[in-house]
Amino acid sequence: MTEIRPKTPPTYEQLRAMVGQELGVSEWTTVDQKRIDQFAECTGDHQWIHVDPERARRQSPFRTTIAHGYLTLSIIGALALDMGIVPENTQAAFNYGFDKVRFLAPVKVGARIRLRSTLLSMEDRGPGQYLMKAANTVEIEGEEKPALTAETLVMLYERRKRAGA
């Protein structure tokens, strides 16, 4: 599999032509205990398997803390932005939802993850509005099984051209 990292964002025309192709692979990012603890604080999910390293060492089948599944899912947006796949001339990009989310393997504290994304469709939703659907796999460095797979839906709004411009 070839890693594609656009140096400049694609145009909307280029993106439409990429349906069925891999959009790219992100850089690796580390999921450390600080990030897990911050996510727990934000969401109120303080389950010991995520936030209590000593208890996890004693009682968890993984012998360490693990990231929340929703933390791993939420990282997809940032990794996709870092890959530079949002088309140039985009005024706004909004999460529209997820399809087919599957949590396949735990992300242990200290693990490095990355995103691999393939464009499934670009649907016109009105003048300058597009619904982009991508298949995403969050890979764990050194692991055979990915952390998760999910199809993301993103509503893109193309910047309007000014009258007379």
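## A tour from Met-132

Start at Met-132, which sits in strand S5, residues 129-140. The model is predicted.

Now show its contacts beyond four places in sequence. They are Leu-15, Leu-119, Ser-121, Met-122, Thr-152, Leu-153, Val-154 and Leu-156.

Next, colour the strands. S4 and S5 run antiparallel and are joined by 12 bridges. Select Ser-117: its bridge partner in S5 is Asn-136. Ser-117 is also the S4 partner of Gly-24. Strand S1 (residues 22-25) runs antiparallel to strand S4 (residues 112-126), with three bridges. Then select strand S2 (residues 29-30), which is antiparallel to S4 and has two bridges to it. Thr-30 pairs there with Arg-112 of S4.

Move to the turn of the S4 and S5 hairpin. Two residues lie between the strands, and Gly-128 takes a positive phi near 70 degrees.

Finally, turn to the largest pocket, with a volume of about 320 Å³. It is lined by 18 residues; select the closest to its centre, Ile-76, Gly-77, Ala-80, Asn-95 and Val-154. Helix H5 (69-83), strand S3 (90-103), S5 and strand S6 (148-158) each give two or more residues to this lining. H5 gives the most, with six residues. Colour the lining by class: 12 residues are nonpolar, six are polar and none is charged.

Notes. Residues are numbered from 1 along each chain as its sequence is written. This is a predicted model: local features need pLDDT of at least 70, side-chain atom pairs count only at pLDDT 80 or more; totals for chains, interfaces and linings use all residues. Side-chain values use heavy atoms; hydrogens and water are left out. Helices (H or I, at least four residues) and strands (E, at least two) are DSSP runs, numbered from the N terminus. Contact means heavy atoms within 4.5 Å. On a 1 Å grid over the protein atoms alone, a cavity is a set of points where a 1.4 Å probe fits but cannot get out, and a pocket is an open set with protein on both sides within 12 Å along at least five of seven lines; lining residues have an atom within 4 Å of a point. Grid points are joined across faces, edges and corners, and a volume is the space filled by probe spheres set on the points. Ala, Val, Leu, Ile, Met, Phe, Trp, Tyr, Cys and Pro count as nonpolar, Asp, Glu, Lys and Arg as charged, and the others, Gly among them, as polar. Two strands pair if DSSP finds at least two bridges between them.
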